[in-house]
Amino acid sequence: MRWENLAADGTGRARDAALFGADAVTTRTFDTPEFRGITFHEVRARSIVNRVPGASRMPFEWTVNPYRGCSHACVYCFARKTHSYLDLDTGLDFDSQIVVKVNAPELLRRQLASPRWQGEHIAMGTNVDCYQRAEGRYHLMPGIISALGDHANPFSILTKGTLILRDLDLLRQAARVCEVGISVSVGFTDRELWRTVEPGTPAPERRLGVVRTLTEHGIGCGVLMAPVIPFLGDHPDQLRATVRAIAASGATSVTPLVLHLRPGAREWYMSWLAHHHPHLVRRYERLYAEGAYAPKWYQRRITRQVHELAEEFGIGPSRPGTTRRLPVVPPQAEPPHAEATQLTLL
C-alpha cells in the first residue's frame, strides 16, 4: 500500500509532500455488525484543508475530507479513483478500506488560526461522505464544526448520512456567527434501486427525514437530486415521485445532477450494470461514448423536467451560484474576521 502517495489535496494527485508517512498508520478492525468486513487505517494527517484543482467543475475552492473511502458503497461514486493511489482497488477496497484522519479537528483548528488563512468557504462531503458509518465511532465532525464555528468560518456539508442530526446543536451554534449550508443527497426514492446502487446508505425516506428535521429547527436544507440514473431512475413517474417527496420534506431547493462516470467509478459501475442489467450495457456505452458525462441534451432534459416538477410542487430549483443561507445572528463580540461571506454549495 503506497501511503506515501496519498495526495494532500483529496483528489488522488500525488503531491511533492506526502500527506503522512507509513509510521503514522494504525490499522484496526471492529467485530461489530455495523463494521464487520471493514478495515480502518487511522492516520495522522499533515494537512486537512485542501485546495480544489483549478480544472475542477466544483463551485468552491477549499475542502476538508476527514475520511477516504466510504462504506456507503455507492456503485457510481466518482471518488473511487482516489483509492488507486494507495495501491487499493476502486471497487471493494474503496467500500471497505477506510482511511481515517484521526487528527482532523485539531489540525483544522490550527490551520484556521494561521495568519495566512483568509476565512474562505470550506466544503465537506464533496469527495466521500463525512457522515458515513465510521463517523459514529470516530466522532471527527463535532470537533471540525466547533473549530469552524469558533473561527466564524463559512462552510457547507453535503451528506447521505442521518448522523448529521447528532450535531444539530453545533450546526445551530455555528450558524449564529457564519454562513452554513446543508444539502442532503437523494437521487431517487425507488427502494429497489436504492438497495442495489447505494447499499450502505440510509434509505431515501430517512434522508428526507433529515431534511425535515433540519428545516423544523430553522436550518434551511437543500436536496441534491443526485444521481439521476439513466434508464433506471429517470422515468417521468420516478422523477415525479422523487420531487414530490423532496417537496414534502420541506427542502429549500432541489438540484438535479445526472450520473457521471469517471475512471475508477466507470469500470465498477459498468461491471455492476453487466451483472444486474445486462440489457442496458450497450445503451450506456452509447450514452457515455464521449466521456464521463452524459450528453448535454440528456442533462438539459432531466434538468428541465425536475425544475418543472419543482415549480409544480412549490419548491424553487437551486441556481448555480446561489446561496443557501441560514439566518445569521450577530454574536455579542464578533471576531473581526467574521464578515458576511457568500456560500455556494453543490
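Predicted model: local features only at pLDDT ≥ 70, side-chain atom pairs only at ≥ 80, totals over all residues.
**Threonine 159**

I then placed the residue in strand β8.

Next I listed what touches threonine 159, leaving out neighbours within four places in sequence. The contacts are Asp129, Tyr131, Ile164, Ser183, Val184 and Ser185. A polar atom of the threonine 159 side chain lies 2.7 Å from the backbone nitrogen of glycine 161. I also checked arginine 207, which is 48 residues away along the chain; the two C-alpha atoms are 8.9 Å apart.

**The sheet**

I traced the strands and found an open sheet of 7, in the order β3-β4-β7-β8-β9-β10-β11, with mixed pairing. Which strands stand at the edges? They are β3 (49-51) and β11 (254-258); each has a single partner strand, so one side of each has no neighbour in the sheet. From one strand to the next, the twist averages 25°.

I took one pair for a closer look. β4 (residues 62-64) and β7 (residues 122-124) run parallel and share 3 bridges. Valine 64 has methionine 124 in β7 as its bridge partner.

Then I looked at two helices on the sheet. Helix α8 (residues 236-248) packs there, touching β10 (221-228) and β11, and its direction makes about 165° with that of β10. Helix α5 (residues 168-175) lies across β8 (155-159) and β9 (180-185), at about 140° to β9.

**A buried lysine**

I checked lysine 101, in strand β6 (residues 97-101). Its relative accessibility is 4%, so lysine 101 counts as buried. What does its side chain reach? I found the backbone oxygen of asparagine 65, at 2.9 Å.

**Rings and charges**

I counted 10 aromatic pairs.

**Backbone angles**

Most peptide bonds are trans, and most residues other than glycine have a negative phi, so I searched for exceptions.

The peptide bond from alanine 226 to proline 227 is cis, with omega near -10°. Proline 227 belongs to strand β10.

Histidine 139 is not a glycine, yet its phi is positive, near 50°. I found this residue in the loop between α3 (135-138) and α4 (141-150). At 44% relative accessibility, histidine 139 is partly exposed.

Alanine 152 also has a positive phi, of about 50°. I located alanine 152 in the loop between α4 and β8. Is this residue buried or exposed? Alanine 152 has 6% relative accessibility, so I recorded it as buried.

Note on methods: Residues numbered from 1 in each chain as written. Heavy atoms only, no water. Pairing = 2+ DSSP bridges. Helix = DSSP H or I, 4+ residues; strand = E, 2+ residues; numbered from the N terminus. Axes fitted to C-alpha atoms, helices over the stretch in contact; angles between N-to-C directions. Contact = heavy atoms within 4.5 Å. Polar contact = N/O pair within 3.5 Å; in protein donor to acceptor, adjacent residues only side chain to side chain. Phe/Tyr/Trp six-rings, centres within 6.5 Å; stacked < 30°, edge-to-face > 60°. Buried < 20%, exposed > 50% of the residue type's maximum accessible area, 1.4 Å probe, protein only.
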